Amino acid sequence: MADTADTRTPAQIEADIRRRREVLAETLDEIGVRVHPKTLVGDAKAKVIANVDHTVGRAYVQVNRVVSDVRARFVDDEGAPRLERVVPVALVVVGVVGLLALGARRRKD
């Protein structure tokens, strides 16, 4: 059988118990802070904000990509507009605006 005799003195045992109680008290304090409603709400808010920031960042990158792609279609490498693409789009826009204006004018009559 194994020898389970404790060779510590009563003072050493008391000191060990005192240290263990201090560690447990710190642990309980930390648990109390973690489960406090304000801490839980703050953690939840932080997670939501982080997710929103991430989503907004991804949306910004996507919009930036689309704008760069559109710019590349209508502007050449030197920064001059590509008239063969700008003129037809401008004509379509003017036509749509004109049709909308005529439709609104007819509704008033």
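Predicted model: local features only at pLDDT ≥ 70, side-chain atom pairs only at ≥ 80, totals over all residues.
**Exercise 1.** Describe the secondary structure of the chain, then decide whether the chain is spread out or a compact globule.

*Solution.* Step 1: the chain has 3 helices and 0 strands. Step 2: along the sequence this reads as the pattern α-α-α. Step 3: for 109 residues the globule rule gives 13 Å, while the radius of gyration of the chain is 36 Å, well over that value, so the chain is more spread out than a compact globule. Step 4: the C-alpha trace spans about 100 × 45 × 30 Å along its principal axes. Step 5: 1% of the 109 residues count as buried.

**Exercise 2.** Is Leu-28 buried or exposed, and of which surface patch is this residue a part?

*Solution.* Step 1: locate Leu-28 in helix H1, which covers residues 10–34. Step 2: the relative accessible area of Leu-28 is 60%. Step 3: a residue counts as exposed over 50%, so Leu-28 is exposed. Step 4: Leu-28 forms a nonpolar patch on the surface with Ile-31 and Val-35. Together these residues have about 300 Å² of accessible area.

**Exercise 3.** How many positive and negative charges does the chain have, and how far apart are their mean positions?

*Solution.* Step 1: the chain has 19 positive and 16 negative charges. Step 2: the mean position of the positive charges and that of the negative charges are 13 Å apart.

Definitions and conventions. Residues numbered from 1 in each chain as written. Heavy atoms only, no water. Patch = residues over 30% accessible without salt bridge, like charges linked within 9 Å, V, L, I, M, F, W, Y side chains within 5 Å. Areas by Shrake-Rupley, 256 points an atom, 1.4 Å probe, with all protein chains shown as cover. Salt bridge = Lys/Arg side-chain N within 4 Å of Asp/Glu carboxyl O. Helix = DSSP H or I, 4+ residues; strand = E, 2+ residues; numbered from the N terminus. Buried < 20%, exposed > 50% of the residue type's maximum accessible area, 1.4 Å probe, protein only. Rg over C-alpha atoms; globule rule 2.2 N^0.38 Å. Lys, Arg positive; Asp, Glu negative; His and termini not counted. Charge placed at Lys NZ, Arg CZ, Asp CG, Glu CD.
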